[in-house]
Amino acid sequence: MHYFCLILQISSLIVGSSSRNSNSPKVMNYRQLEKRILDRILSPSIYDSQIRPKGATTNVTEMDGPTKVMVNLYVRSFEKIDDVKMEFSVQITFRQQWNDNRLAFNNIGGKIKYLTMTERNRVWMPDTFFRNEKDGNFHDIIQPNLYVRVFPDGDVLYSIRVSLTLACPMNLKLFPLD
């Protein structure tokens with residue numbers, strides 16, 4: 001027991017003296033830096049999430065074109081196909097990507113690849129919907145299963161896990177021979 005206390009005291013002296021060494025290089029906390037960048041680019045005086053980002057124009061007479069949103073789906077599972085109700089259920093990862101030049105930031109020489117946040121209401125979101133949706137649920141058991149990544153050039157990647165029940169008209173005239 002006595003040796004244990006002595007070792008503990010020596011180790012605390014070593015740790016205490018090394019933290020006071022002024023010659024040691026400063027370690028940058030990138031999480032705090034990312035938070036500061038997010039707070040700056042998303043401040044209410046600079047950014048309004050209710051206003052659509054400036055889109056690309058193809059015509060010189062146009063002031064602002066549409067915001068192009070790329071969409072992709074990853075089908076995680078088909079849960080059921082119901083031929084009586086003419087519907088099916090799927091679980092998907094739904095991703096959207098667009099550019100919002102108001103969110104561009106300095107990446108500090110490539111040290112920050114992207115900023116991640118889990119609050120989707122802080123940035124502009126496209127109004128996307130599934131036309132044949134009967135029922136839909138977002139996954140948020142402990143917290144919402146989504147993320148928003150902001151890249152240095154202003155690209156925004158939004159990813160969310162969704163469970164959907166979708167209508168699907170089925171032509172069953174020849175069933176079961178179709």
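R102 is partly exposed, with a relative accessible area of 24%; partly exposed is the range between buried, under 20%, and exposed, over 50%, computed with a 1.4 Å probe on protein chains only. I start with R102 because its side chain meets that of D100 in a salt bridge, 2.9 Å from N to O, where a salt bridge is a side-chain nitrogen of Lys or Arg within 4 Å of a carboxyl oxygen of Asp or Glu. D100, on the other hand, is buried, at a relative accessible area of 0%.

Before going on, a word on the model. It is predicted, so local features need pLDDT of at least 70 and side-chain atom pairs count only at pLDDT 80 or more, while totals for chains, interfaces and linings use all residues. Residues are numbered from 1 along each chain as its sequence is written, and side-chain values use heavy atoms, with hydrogens and water left out.

Now the overall layout. The chain has 2 helices and 6 strands; these are DSSP runs, H or I of at least four residues for helices and E of at least two for strands, numbered from the N terminus. Their order from the N terminus is α-α-β-β-β-β-β-β. Of the 178 residues, 29% are buried. Among contacts with a separation of 6 or more, 71% join residues 24 or more positions apart, a contact being heavy atoms within 4.5 Å. The chain exposes about 13300 Å², and carbon and sulfur atoms supply 57% of that; the area comes from the Shrake-Rupley method with a 1.4 Å probe, and for residues only the protein chains shown count as cover.

β1 and β2 pair in the antiparallel sense over 11 bridges; two strands pair if DSSP finds at least two bridges between them. One of the bridges joins M70 to Q97 in β2. The two strands form a hairpin with 4 residues between them. What is the phi of M86 in that turn? It is positive, about 55°, and M86 is a residue other than glycine. Most residues other than glycine have a negative phi. M86 is partly exposed, at 32% relative accessible area. I108 also has a positive phi, near 55°; I108 lies in the loop between β2 and β3 and is partly exposed at 29%.

D82 lies in strand β1, residues 70-82.

E87 brings us back to salt bridges. The structure holds 6 of them. In one, the side chains of E87 and K134 meet at 3.0 Å, N to O. E87 lies in strand β2 and K134 in strand β4, so the pair ties together parts that are 47 residues apart in sequence. E87 is buried at 8% relative accessibility, whereas K134 is partly exposed at 46%.

Another salt bridge joins D39 and K35, at 2.7 Å, N to O. Both residues lie in helix α2, residues 30-41, and are 4 residues apart, about one turn of the helix. D39 is partly exposed, at 35% relative accessibility. K35 and D39 also belong to a network of salt bridges with E119 and R122.

On to the aromatic rings. How many aromatic pairs does a search of the whole structure find? It finds 4. Rings of Phe, Tyr and Trp (its six-membered ring) pair if their centres lie within 6.5 Å; planes under 30 degrees apart count as stacked, over 60 as edge-to-face and the rest as tilted. One of the pairs is W98 with W124, edge-to-face, 5.6 Å centre to centre and with 85° between the planes. W98 lies in strand β2 and W124 in the loop between β3 and β4 (133-138), so this pair ties together parts that are 26 residues apart in sequence. Both tryptophans are buried.

Last, I112. This residue lies in the loop between β2 (87-99) and β3 (115-117). Is I112 buried or exposed? I112 is buried, at a relative accessible area of 2%. Leaving aside neighbours within four places in sequence, I112 is in contact with Y30, L33, E34, I37, F105, N107 and P152. I112 and F151 are 39 residues apart in sequence and 8.7 Å apart in space, C-alpha to C-alpha.
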